[in-house]
Amino acid sequence: MKKTLAVLFGGCSSEYEISLQSAAAVLRQLSSDSFLTRYDIIPLGITRSGRWLRCMQPLSSLPLQLESDTWHLSPFCMPAILSPSREDENCSGLLTFCPDGSVEHTRLDLALPVLHGRNGEDGRLQGLIELAGIRLIGCGSLSSALCMDKYRAHQIAASVGISVPASVILRQADYTRRAAESGAGNSAGNGARNSARSVGGSGSEKPDSAALRTLTGELEYPLFVKPVKEGSSHGITRVTQPDQLADAVTAAFAFDDEVIIEESVDGFEIGCAVMDDGRNGLLTGRVDEIELLAEGFFDYHRKYDAADSRIHTPARIDPVTEALIAETARTIYRALDCRGFARVDMFLTPNHEIVFNEVNTIPGMTVHSRFPKMLESAGISFGGMLDRLLT
């Protein structure tokens, strides 16, 4: 008997466009006979403004519409919502509002979110799917929320012995007064690796350069200023001197009400795809390596344009180091309660120390994205990956 699978994409996020590209690649795979004989595929899109639409057009034509962001203009798209109700079968699952005024009810067996960033990867959508009693493919609401939160994810990773960058955290409404107080000995922690200092209180909402210098006094430059809960490197600035901090903090606060300032890590960025298909334990892809061809960091431009960066899959490291990185990725995956699949990003220092960066609970899913490339290098095709996750 066929199962009904909803594939969700788009969303109110700065990563809306990337979600459409990932969903196009996923739906191309799901359009093959090997999937269509087992699943009824329901594409469910969310516009930038938050309107939910069920896509009724032929599945084969949808990927091109996603790539051009014209999908929501199709006359075959109908308003729809995902209901959290379970008891009344007429009000549960997917409710589609038809042009004649009727409401069509569709039972959903599985839901695969292919959304990135805020409102799609941060646990909110996952919580709705879980409330509805639908089998969620991927990380649940708890792990999604934790992994989106860079500060708290670092604290949990550090608690299981994983190295993390030294850092401090700022809260938009109140960091200024407590930042000044931290100079008088009121800050917690000592800025060492595996620890971060939290700032609370009340004060001005505008960055205060002197207070920021006091707060970050124990950190070594260069520093990275990041929104705590944002993806694709949005709002991140590399800071090389104190007089750059205020502008960097202002830029980060445009994306979130919390900002983390952390030390730069010597070395290069590495990643590891982790997947749990429920049968074979935690599978890992080949570790990849990001090579920067110019000074800076792997920002949004480099992630999606690859103008002055290169990704090596597999990474140019020895087998023992690769095995250690994979085991570290599995440890982080478990500590943050990840499920289904995720990409764990780390740094490898010149002395071969592995330092945690972040977890992407819904990594890019285009055929050129890092996650499927890492699995492909380990012998698992894009279609094979989806088959394992859905089965």
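The model is predicted, so local features need pLDDT of at least 70 and side-chain atom pairs count only at pLDDT 80 or more, while totals for chains, interfaces and linings use all residues. Residues are numbered from 1 along each chain as its sequence is written, and side-chain values use heavy atoms, leaving out hydrogens and water.

- His 154 sits in helix α6, residues 150-159 (helices are DSSP runs of H or I with at least four residues, strands are E runs of at least two, both numbered from the N terminus).
- With a relative accessible area of 2%, His 154 is buried (buried is under 20%, exposed over 50%, partly exposed in between, using a 1.4 Å probe and protein chains only).
- Beyond neighbours within four places in sequence, His 154 is in contact with Val 164, Pro 165, Glu 262, Phe 356 and Asn 357 (contact means heavy atoms within 4.5 Å).
- A polar atom of the His 154 side chain lies 2.7 Å from the backbone oxygen of Asn 357.

**Salt bridges**
- The whole structure holds 25 salt bridges (a side-chain nitrogen of Lys or Arg within 4 Å of a carboxyl oxygen of Asp or Glu).
- Asp 149 and Arg 152 pair at 2.6 Å, N to O; Asp 149 is buried at 6%, whereas Arg 152 is partly exposed at 29%.
- Glu 17 and Arg 48 form a salt bridge at 2.5 Å, N to O.
- Glu 17 lies in helix α1 and Arg 48 in the loop between β2 and β3, so this pair ties together parts 31 residues apart in sequence.

Conventions. Polar contact = N/O pair within 3.5 Å; in protein donor to acceptor, adjacent residues only side chain to side chain.
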